[in-house]
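Hi,

Here is the model I said I'd pass along. Have a look, and my notes follow below.

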Amino acid sequence: MTFDQYYLLGRSGLRVSRLALGTMNFGTAGFHAPYGKTADEARPIFRRYVEAGGNFLDTADFYTAGHSEELLGQFMAEAGNRDRMVVTTKFTNSVDPGDPNAGGNGRKHLVRALEASLRRLRTDYVDLFLLHTWDRITPVEEVLRTFDDLVTAGKIRYAGLSDVPAWYASRAQTLADANSLTPMVSLQLPYSLIERGIETEHVPAAQQLGLGVTAWSPLGGGFLSGKYRSSGDAVTGQGRLAEGGDTWTPQQWQLLKTLETAAEQLGVPMAQVAINWVATQPGIASAIVGASSPEQLGSTLAALDFELPAELRADLDRASATPPAGVYRMFTPEYQSWLVSTGAKVGDKPAGYAPAVRNWPAEKTA
């Protein structure tokens, strides 16, 4: 695949690729070291993505203890393409155990983390700076004010959130709008055929509030790649998921069979189908993909070279569906048509109400 189409991220003017390059495995230090890649191993992966036209890079100060950022900075300097790249990095996790202000989302750590990331990335600004994880105690107003100050200072271009409750994202965006502060443009969350929980609250909130959802782990930690199989009480296959035994549910193993059938019908790898499904779901701005080699990345980038037929998407939706629980049962079309609309057909807007905006020539038809 070659990227020749880019889309706006959330309610912003920032154009990004539909597949972002995740670099959590760039580097050989820290928590992610067992799966990390050296500079010589990571460089061809970076180059393969750039050569395909990709422009959306994802890292964090926590990834390989900062080594991921260092390698990205090195690779961009070698390629001379810093300004062409949309660099995303994140802060929250502690960089100095024992120091209470060396982690979390307070202003002191936020500014400290950004300054360190800028040095490692060899740049004077970050395109998209994300709060990595909700710390449960820092006032959201403090985070917003600090983001706004950093935008004014020219050290970040856009701000966003990652792995936060839907109510927190909603409160942050509403306060930003009400006080003319820098808005959030992105919401990074785990999402895949085996992890659809964000559809309940996060995706609708993001759609209403102008947040582009970037999905991490679209392969469910590798489970949806097809390299694992259930064998009695154990999982067979080469990879870290096989080390913990069979922790997957019967529904998830059945989903894997449905995914395999869809891939066979399309003549493509299972991983491509799984990524295509995520990237083309409502509210998803981009899917974050990683790779252990340029060849693997090349296969992954081809995930958007085909259209997932409606009938196969419906099969995958059914196989991966989780029935709504609690109060969410009241928000289904079935419940509301029964008690709220009482038989009348009521919808938001008619089909075609808001045609898509495309700044490229329409395809010619025979």
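Let's start with α8 and α10, which are roughly perpendicular to each other (that label covers 65 to 115 degrees). The angle between α8 (residues 270-279) and α10 (residues 310-320) is about 90°, and their axes lie 12 Å apart. V273, N276 and W277 of α8 make the contact with R313, L316 and D317 of α10, where contact means heavy atoms within 4.5 Å.

Before I go on: this is a predicted model, with local features needing pLDDT of at least 70 and side-chain atom pairs pLDDT 80 or more, while totals for chains, interfaces and linings use all residues. Residues are numbered from 1 along each chain as its sequence is written, and side-chain values use heavy atoms, leaving out hydrogens and water.

R313 turns up again with Q281: beyond its neighbours within four places in sequence, Q281 is in contact with Y191, E199 and R313. Q281 sits in the loop between α8 and β12 (284-289). Is Q281 buried or exposed? Its relative accessibility is 10%, so Q281 counts as buried (under 20% relative accessible area, with a 1.4 Å probe and protein chains only). Its side chain also makes a polar contact with that of Y191, at 3.1 Å (a pair of N or O atoms within 3.5 Å, one able to donate a hydrogen and the other to accept it).

Then there's α6 (residues 202-209), whose buried residues are H202, V203, A205, A206 and L209. Down the axis of α6 these fall within an arc of 160°, so they line one face of the helix. They pack against α5 (166-178), β8 (184-190) and β9 (212-216). Just after α6, G210 has a positive phi of about 80°.

Cheers

Conventions. Axes fitted to C-alpha atoms, helices over the stretch in contact; angles between N-to-C directions. Helix = DSSP H or I, 4+ residues; strand = E, 2+ residues; numbered from the N terminus. Parallel < 35°, antiparallel > 145°, perpendicular 65-115°, else oblique. Buried < 20%, exposed > 50% of the residue type's maximum accessible area, 1.4 Å probe, protein only. Arc of directions from axis to C-beta.
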